Amino acid sequence: MTTTFSDETMLLDDTARLRAAAEFVRGHDSAALFPLLLPGLDGPDLTALAGHCRFAHAGLLLFPPDTEGLRARLADCGLAPDTPSHPSVVVRDRLARRHRLDPAELDVRILRPQVHGSAGERRAVEVFALTVPPHSGLERIAAHERARRHESHLAFEVEHPEQLVLRGLCAILVRHGARPDGGGYNPHEDGTVLYFTTPADPACGYRRLELYVRGDHRGALAAHLDHPDDGARPPAETLLRLLTGAWTTQALAAFARLGLPDAMDPSTSYRAEDLARLTGTHPRALATLLRYLAMLGAVTRDQEPDRAPDQEPDGFRLTGLGALLRTDEPGSMRPLALLYGGPFYRSFGGLDHAVRTGEPAFDHLFGENHFDHFARDPELADLFDRSMASSARMFQPLPAHPVITAAARASAPATVVDVAGGTGELLGRLLTAHPRLRGILLERPHAVEAARRLLDAAGCGARCDYRAGDFADVPPGGDVYVLSRVLHDWDDDRCREILRHCARAMPAHADLLIVERLLPADGSPSLATAWDLHMLCNVGGRERRTDHYARLLADAGLELVGHSPLPLDAHVLHARRSAVPSASPGSGRARVAIKAVRPDHGGCPNHAGCDT
């Protein structure tokens, strides 16, 4: 269904416009809307946008005479008349600028009455209400705004947002004619909004679209706001910005290494010279770094109203994004910054060697493979252990996976076998969520001891057995087997061996859950694409598409049942034993060693290269 608004329709009273907007929201979804907003959009770009962006609401500006008039319009359109409202400062200020009025003269409120899509999806109509009392002199503004439809827009919420994916989605919109048109971060809602203007006369009648992203994404916002008005930078400028991406990595790493986030209370503004005394840094050089970090959204600059714009700001304040580099922040990403700005930064300097030879640049640079190098350096191993905690939210939905919940409800206590389970982070989550489950963790000896301490501390160690060994020692008789971020460390031949060891150990009723990032079949933006390059450069493994994993499973006598998404662009694949296991050469008991410990999973040494 496509709703097209003529000028006559848009000039009807507010009730007709509100009713039309509600019907529009009920009858459309992302896959139908994006081609209407951006003519010619199809193929992989459409798939990427529709797959990551959920249609959330349509917005419009109404002009009721008072609160009761607004409620009457809502009720006439079948919307909840008691929907709560609050002041809309952003729209009020835009109206004041457009019509050269004092914002204090305008009373604008925002409310979001709920509607449901054709399949029951929860959506809303976002109503901005400018009160226009009779004979107030605001009638001319109402007539102008009804005709111009400045505030009418369609909003899409980006699901499972990641920085790389978000920037890829913005690039797709711009490539198909959308123009960046402002945005902002709302700390009260902890949400980031990116506005775009669509090409002239779109088929659906809306010319503005909004991407809403939960959380603080001021890095993507800064790039969005910095986009030139003509819709595309000159290629040389675009390339120059891309070439300086390494500076961003090192600026954030230096920010963390110097202890600046830990020295900054997020509620306090700091002058560069004061912060330099606290951290033992050079005041002018620190100010230079802080200005760059402000562009990235890691800090914000405080400027007094009476201070000249060309003067240095009075201070810098730590943002929510920058706070993620604090040592004491839950889910701190400080270890990742040190790792990406340290050994992995150096190894990426040899990417051309990896591309030329197919061998990891890490091995070429450090003279040994990534796993052995980490295992030999206790400080580096500890850094990696801590860095993996920032990816732990990837596992949050797994305790609710149907395979896990079915095992937890079984009449007899079921056993989860975590193969190359690292220090037991994932197994601990599953056992904690389901007290009737038992666990077995297979790892190398020193990892087993670390896992024992972690699971004992979590209160579930008594329900877990520990096996020291390699992949050829997968324990038989389990009900659920787990391989989390293991297979992408290995080439196809070794993956087949690992899967065969699992298949031989699995009873006929058992399930296998595999956690990996999946390369998109259509080339749409994905963290898996970036991690595939990381695996090439640093580990020697690879990311794979769903059909690739299905073939590897089939070669091992297993069948892919399905897969579902996880946070951080990961997926969980569900496999079972095939009715007739395939006979493949080399299916004997070849031993593939577990490559040491990592805190979350994976047959890698004190890390598994993949997710750092």
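Phe344, Phe362, Phe366 and Phe374 come together in one aromatic cluster. Here, rings of Phe, Tyr and Trp (its six-membered ring) pair if their centres lie within 6.5 Å; planes under 30 degrees apart count as stacked, over 60 as edge-to-face and the rest as tilted. Before going further, please note that this is a predicted model, in which local features need pLDDT of at least 70 and side-chain atom pairs count only at pLDDT 80 or more, while totals for chains, interfaces and linings use all residues. Residues are numbered from 1 along each chain as its sequence is written, and side-chain values use heavy atoms, with hydrogens and water left out.

The structure holds 8 aromatic pairs. In one of them, the ring centres of phenylalanine 24 and tyrosine 206 are 5.2 Å apart and the planes make 50°, so this pair is tilted. Phenylalanine 24 belongs to helix α2 (residues 14-27), while tyrosine 206 is in the loop between β8 (191-197) and β9 (208-214), so that the pair links distant parts of the chain, 182 residues apart. Helices (H or I, at least four residues) and strands (E, at least two) are DSSP runs, numbered from the N terminus. Phenylalanine 24 counts as buried at 0% relative accessibility, and tyrosine 206 counts as buried at 5%; buried means under 20% relative accessible area, exposed over 50%, partly exposed in between (1.4 Å probe, protein chains only).

Phenylalanine 34 and phenylalanine 156 form a stacked pair, 4.3 Å centre to centre with 20° between the planes. Phenylalanine 34 lies in helix α3 (residues 30-37) and phenylalanine 156 in strand β6 (residues 153-158), so the pair ties together parts 122 residues apart in sequence. Both phenylalanine 34 and phenylalanine 156 are buried.

Now look at the ring of tyrosine 195. The charged end of arginine 94 sits over this ring, 5.8 Å from its centre, and the charged end of arginine 208 also sits over the ring, 5.0 Å from its centre. The criterion is NZ of Lys or CZ of Arg within 6 Å of the ring centre and within 35 degrees of the ring normal.

Finally, turn to threonine 83, in the loop between α5 (67-76) and β2 (85-87). Threonine 83 is buried, with a relative accessible area of 16%. Leaving aside neighbours within four places in sequence, threonine 83 is in contact (heavy atoms within 4.5 Å) with Leu111, Arg112 and Pro113. Threonine 83 and proline 113 are 30 residues apart in sequence, and 5.8 Å apart in space, C-alpha to C-alpha.
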